[in-house]
Amino acid sequence: MLFDEENAEVYYQRGLANNDLLFVEEACSDFRKAYQLGMTDLKELLVEYCGKNKG
């Protein structure tokens, strides 16, 4: 898959898709990457959905 690896929105959208498919670990990984790339509004989601030790 070719995509911009520095684009937080790409990781966020893929995280949503993984979540819909019930791939929780993959979704959290994508959400964490989006957060690291600057999508800081995901912090609450990471804490609540992925666990405070995983965000």
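Asn18 sits in helix α1; helices here are DSSP runs of H or I with at least four residues, numbered from the N terminus. This is a predicted model, in which local features need pLDDT of at least 70 and side-chain atom pairs count only at pLDDT 80 or more, while totals for chains, interfaces and linings use all residues. Residues are numbered from 1 along each chain as its sequence is written, and side-chain values use heavy atoms, with hydrogens and water left out.

Asn18 counts as buried because its relative accessibility is 13%; buried means under 20% relative accessible area, exposed over 50% and partly exposed in between, with a 1.4 Å probe and protein chains only. Leaving aside residues up to four places away in sequence, Asn18 touches Phe23, Glu26, Ala27 and Asp30, where contact means heavy atoms within 4.5 Å. The side chains of Asn18 and Asp30 are also joined by a polar contact of 2.9 Å. Such a contact is a pair of N or O atoms within 3.5 Å; within protein, one must be able to donate a hydrogen and the other to accept it, and residues adjacent in sequence count only if both atoms are side-chain atoms.

Asp30 belongs to the buried residues of α2, together with Ala27, Cys28, Phe31 and Ala34. Seen down the axis of α2, the buried residues fall within an arc of 160°, so they line one face of the helix; the arc is taken from the directions from the helix axis to the C-beta atoms. These buried residues pack against α1 (8-20) and α3 (43-50). On the face of α2 turned away from the buried side are the exposed residues Glu25 and Gln36. Just after α2, Gly38 has a positive phi of about 115°.

How values were computed: Helix = DSSP H or I, 4+ residues; strand = E, 2+ residues; numbered from the N terminus.
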